Amino acid sequence: MSDSALDRRRGGGGRATLSRRSLFALTAAFAVSGCGDDPPTVRLGAARVGGLFYEIAELLAAAAAEAGTVRIEPVATAGSQMNLDRLARGEIDIALSLADTAHARATDALAIGRLYEAYLYLAVRPDSPIQRVEDLRGLRVDLGVAGSGATLTAERMLRTAGLDPAFDMTISNRQLSDAAPKLYAGEVDAILWGGGVPTPGADIPARMRLIGTGDLAAAMTERYGYAYDRMIIPENAYPGSPAVGTVGVPNLLLASPRLAYSAVSAVTELLLRYADRVVPEQALGIHFLDRRWLAGTGNIPMHPAAMETLRDWHG
């Protein structure tokens with residue numbers, strides 16, 4: 001498909017400048033497939049099946065199938081850290097990542113946009129004596145899948161609370177669907193994971209009780225130089241559960257700098273044109289398609305094609 005065909009915007013033609021396109025054409029090898037009038041295929045690193053990232057990826061893929069301007073192929077991974085590694089190696093073309101993970105890595109990826117807020121959960125059994133993060137010393141704690149962004153955030157939270165995951169506790173790394181049964185059976189004392197609200201498979205409050213961690217957000221920001229959000233999991237977000245403070249991290253949609261300018265434009269346009277459909281059940285109405293939210297990518301610069309598409313839509 002030609003750039004001109006992909007550059008159609010709401011209400012008229014695109015406004016791309018040749019200088020930007022020429023720059024990317026000269027410095028990047030296009031990492032998409034497709035020829036003639038076939039839309040390019042973009043491989044999207046999407047974390048584990050059933051999680052927030054994979055749900056977003058599936059919704060984007062469905063929107064792309066309807067639009068016909070690009071094909072999106074969700075690729076299951078361990079999460080943010082693996083996504084960034086695979087993006088750097090050219091094994092995927094775009095990737096979802098927690099913003100603090102991207103901030104911590106020396107990545108040349110460019111942001112298509114800021115999406116939803118991910119919440120860091122710390123859960124124990126309802127009858128557990130654990131009341132705060134510091135109480136985890138000497139216990140068995142599951143930090144989520146190795147290679148995920150939530151694991152990095154969880155380790156930072158523990159260190160900020162004065163705990164060294166390598167020495168002060170026994171660590172395991174499982175996805176939530178495997179960690180939760182271990183918690184119920186008493187084989188681990190606490191589990192951490194990152195997700196939306198509500199997270200599918202989290203039996204709260206019947207077999208899990210959430211521990212508040214929101215008071216650590218400011219100290220984590222000071223220690224790691226990334227602006228963590230203090231968020232509230234609302235009362236009755238899980239029926240019968242009280243409101244709980246937690247640490248929040250936005251997730252970003254990132255593109256390889258080698259991805260075709262036109263493909264980035266097409267993906268950005270999906271986020272705008274299909275706003276009502278790219279809303280996962282795990283994201284309580286946080287609407288990332290507001291221009292100010294989408295463009296709030298922090299220290300990760302936006303891809304010029306994404307910036308241009310936003311301007312074309314919003315003026």
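**Aromatic contacts in close-up**

**View 1. Tyr238 is buried, at 4% relative accessibility.** Buried stands for under 20% relative accessible area, exposed for over 50% and partly exposed for values in between (1.4 Å probe, protein chains only). The model is predicted: local features need pLDDT of at least 70, side-chain atom pairs count only at pLDDT 80 or more, and totals for chains, interfaces and linings use all residues. Residues are numbered from 1 along each chain as its sequence is written, and side-chain values use heavy atoms, with hydrogens and water left out.

**View 2. Tyr121 and Trp193 form a stacked aromatic pair.** Rings of Phe, Tyr and Trp (its six-membered ring) pair if their centres lie within 6.5 Å; planes under 30 degrees apart are stacked, over 60 edge-to-face and the rest tilted. Three aromatic pairs are counted by this rule. For Tyr121 and Trp193 the values are 4.6 Å centre to centre and 5 degrees between the planes. Tyr121 is in strand S4 (residues 110-124) and Trp193 in strand S7 (residues 190-195), 72 residues apart. Strands (E, at least two residues) and helices (H or I, at least four) are DSSP runs numbered from the N terminus. Tyr121 is buried, at 1% relative accessible area, and Trp193 is buried at 5%.

**View 3. Tyr121 and Tyr238 form an edge-to-face pair.** Their ring centres are 6.2 Å apart, with the planes at 80 degrees. Tyr238 lies in the loop between strand S9 (229-233) and strand S10 (244-255), so its pair with Tyr121 ties together parts 117 residues apart in sequence. Tyr121, Trp193 and Tyr238 make up one aromatic cluster.

**View 4. The charged end of Arg207 sits over the ring of Tyr184.** The distance to the ring centre is 3.9 Å. A charge sits over a ring if NZ of Lys or CZ of Arg is within 6 Å of the ring centre and within 35 degrees of the ring normal.
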